[in-house]
Structure formats: C-alpha cells, structure tokens
Amino acid sequence: LDLSGPMLTRARAQAAEEGLDRITFEQGDAQVHPLPASAFDVAISRFGVMFFDDPVAAFNNIGRALRLGGRLAFVCMADPTRSEWVSVFGTARAYLPLPAEEPATPDGPGMFSLADPSVVHRILDTAGFDKVHTEPVEALSDFGRDAHDAADHLLASGPGQHLVKLLDSASSVDSADRPSGTDSVRAAFTVALAAHEQPAGVHLRTSAWLVTATRR
Ligand SMILES: C[S@@+](CC[C@H](N)C(=O)[O-])C[C@H]1O[C@@H](n2cnc3c(N)ncnc32)[C@H](O)[C@@H]1O
C-alpha cells in the first residue's frame with residue numbers, strides 16, 4: 001500500500017523480476033484506506049509511516065486490519081543529527097542562497113516526526129497497540145562511487161529536488177550567466193560530500209528506530 005503510483009509501478013516491476021507472484025499492490029492513503037478487518041498477521045513498513053497528518057488515525061486503521069495479536073514492524077528515522085546524509089544536506093544548504101523556510105511544526109508530519117520514541121509509544125498506545133519496542137539500528141549506505149556520483153544521487157532525491165525548487169523560486173531575475181538551481185545544488189552537494197569520499201566510494205550512516213508492537 002502506497003500513495004505514490006510511480007512507487008507502486010517500481011514495486012510491481014521489482015516483484016515481477018524476482019518472480020514474486022503472490023503479492024497485491026494497492027494505491028491508497030494508509031490513514032483511511034478501506035483495508036479488510038482482522039485480515040493480516042503482520043503489517044510492515046520501511047520509512048513510510050512518518051508522513052501521516054493524523055498518525056493515531058493511521059495506526060488505528062492499520063491495527064484494525066490486523067488480527068488480534070497481529071504484529072506491526074516498521075523502521076522510521078531517528079534523531080537527524082545521527083544520520084550523516086542529513087548533515088550533508090545541512091552543509092550543502094549553507095553554500096546556497098536559499099529563502100527562509102517556514103519552521104516545521106514540531107508535531108506535524110515529516111521525515112523525523114517519529115524520531116522521539118516517547119512519541120512513538122504515545123501514538124501506538126492510543127491507537128490500540130501494546131508490547132511497543134523501539135530498537136536503534138544504524139546502517140552505512142552506498143551513496144555513490146565518488147562525491148560527484150553521490151551528488152547526482154542526492155540531487156535526484158525528493159529533498160534534493162526540493163532544494164532546487166526553493167532556489168529556482170528565489171531567483172526572480174533570469175540571467176544566462178546565473179547557474180541553474182540544479183547546477184548550484186549539485187555543486188553544493190559535491191563540496192559537502194567531498195569530506196566523506198573514500199577509495200571505496202561514499203558511504204553515509206543512517207540512524208533509525210526499528211519499532212515493533214502487537215495489536216491489543
Ligand atoms: C521514504 S519513502 C519509502 C518508500 C518504500 N517503503 C521504500 O522503503 O522504498 C516514503 C513512502 O511513504 C509513502 N506515503 C506517505 N504517506 C503515505 C500515506 N498516508 N499512505 C500511504 N503511503 C504513504 C510515500 O508515497 C512514499 O512512497
């Protein structure tokens with residue numbers, strides 16, 4: 001289940017490549033999608049549950065689809081200061097003439113909305129789960145062969161494209177001499193990533209919580 005059509009197209013193609021033919025993919029909003037009641041043994045998500053406007057409603061909806069005692073397991077981002085790719089974005093931003101953004105609402109949806117385990121416990125408890133357990137997990141991910149390659153990778157990501165949009169919307173004067181938002185963001189990423197370049201490539205640490213719980 002995912003909101004995004006392109007994500008599902010990719011998932012269907014990947015499943016077909018791997019010969020997995022007993023999977024159903026559905027497009028919908030996990031907060032309100034009409035999932036069958038008490039139908040599943042386990043609900044799993046990789047980094048998909050931090051973006052709910054109403055996380056209690058969403059986890060309630062997911063919980064209703066689980067049989068009693070059914071399991072929930074997901075990974076969500078931990079404290080942003082513990083993930084190196086986040087600090088690369090911070091360093092790159094410092095090189096860019098970006099407009100001031102609205103400060104994020106602390107309780108609002110977003111990549112780090114479940115970074116505090118006490119928030120995870122409160123939401124899941126209210127949504128009808130118990131045996132809530134949060135375990136820190138860290139992994140090094142391969143971002144590219146070198147800083148240039150990794151910069152292209154970050155540029156293609158949602159947060160990378162967001163920076164390009166911010167930069168393009170900030171410059172009201174079009175000038176042939178001015179580098180495009182894309183070129184500026186790529187250059188800033190390349191400088192920020194140079195500090196992480198190793199002979200084996202650019203590997204950055206991501207820090208997450210592995211959260212497990214059981215439907216009451
Ligand atoms: C960081 S991506 C992770 C995608 C995928 N799970 C993976 O590991 O590659 C977050 C995903 O959450 C999806 N998403 C966000 N809010 C959602 C919602 N309310 N219902 C369903 N999917 C949602 C987005 O469309 C996006 O595909």
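## Note on a predicted chain and its ligand

1. Asp 125 counts as partly exposed, at 45% relative accessibility; by the convention used here, buried means under 20% relative accessible area, exposed over 50% and partly exposed in between, with a 1.4 Å probe and protein chains only. The model is a predicted one, in which local features need pLDDT of at least 70 and side-chain atom pairs count only at pLDDT 80 or more, while totals for chains, interfaces and linings use all residues. Residues are numbered from 1 along each chain as its sequence is written, and side-chain values use heavy atoms, with hydrogens and water left out.

2. The C-alpha atoms fill a box of roughly 60 × 40 × 35 Å along the principal axes.

3. Of the 216 residues in the chain, 37% are buried. The accessible surface of the chain is about 12,800 Å², with 54% of it belonging to carbon and sulfur atoms; such areas come from the Shrake-Rupley method with a 1.4 Å probe, and for residues only the protein chains shown count as cover. When contacts between residues at least 6 apart in sequence are considered, 81% of them join residues at least 24 apart, where contact means heavy atoms within 4.5 Å.

4. Which residues of helix 2 are buried? In this helix, which spans residues 55-65, they are Ala 58, Phe 59, Asn 61, Ile 62, Gly 63 and Ala 65. Their cover includes strand 1 (40-46), strand 2 (66-77), helix 4 (117-126), strand 3 (129-144) and strand 5 (201-215).

5. The ligand has 13 residues around it, of which Asp 2, Met 7, Asp 29, Ala 30 and Arg 46 come nearest; a residue is taken as near if one of its heavy atoms lies within 4 Å. This shell divides into six nonpolar, four polar and three charged residues, with Ala, Val, Leu, Ile, Met, Phe, Trp, Tyr, Cys and Pro counted as nonpolar, Asp, Glu, Lys and Arg as charged, and the others, Gly among them, as polar.

6. At the level of atoms, an oxygen of the ligand is 2.6 Å from an N or O atom in the side chain of Asp 2, and a ligand oxygen is 2.5 Å from an N or O atom in the side chain of Arg 46. Taken alone the ligand exposes 590 Å², and the protein buries 73% of that.

7. Side chains of opposite charge can pair when their charged atoms come close. The structure holds seven salt bridges, each a side-chain nitrogen of Lys or Arg within 4 Å of a carboxyl oxygen of Asp or Glu. One of them joins Arg 216 to Asp 125 at 3.3 Å, N to O, and this pair links distant parts of the chain, with Arg 216 in the segment after strand 5 and Asp 125 in helix 4, 91 residues apart. Arg 216, at 47% relative accessibility, is partly exposed.

8. Another salt bridge brings together the side chains of Arg 82 and Glu 138, at 2.8 Å from N to O. Here too distant parts of the chain are linked, as Arg 82 lies in the loop between strand 2 and helix 3 (84-94) and Glu 138 lies in strand 3, 56 residues apart. Arg 82 is partly exposed at 43%, and Glu 138 is partly exposed at 43%.

9. Arg 186 and Asp 152 form a salt bridge whose closest N and O atoms are 2.8 Å apart. Arg 186 belongs to helix 7 (residues 181-194) and Asp 152 to helix 5 (residues 147-156), 34 residues apart. Salt bridges with shared partners also join Arg 82, Glu 138 and Arg 205 into one network.

10. Apart from residues up to four places away in sequence, Ser 207 touches Met 77, Ala 78, Arg 82, Ser 83, Val 137 and Glu 138.

11. Arg 145, in the loop between strand 3 and helix 5, is exposed at 64%. Leaving aside neighbours within four places in sequence, Arg 145 is in contact with Gly 201 and Val 202.

Definitions and conventions
Helices (H or I, at least four residues) and strands (E, at least two) are DSSP runs, numbered from the N terminus. A polar contact is a pair of N or O atoms within 3.5 Å; within protein, one must be able to donate a hydrogen and the other to accept it, and residues adjacent in sequence count only if both atoms are side-chain atoms.
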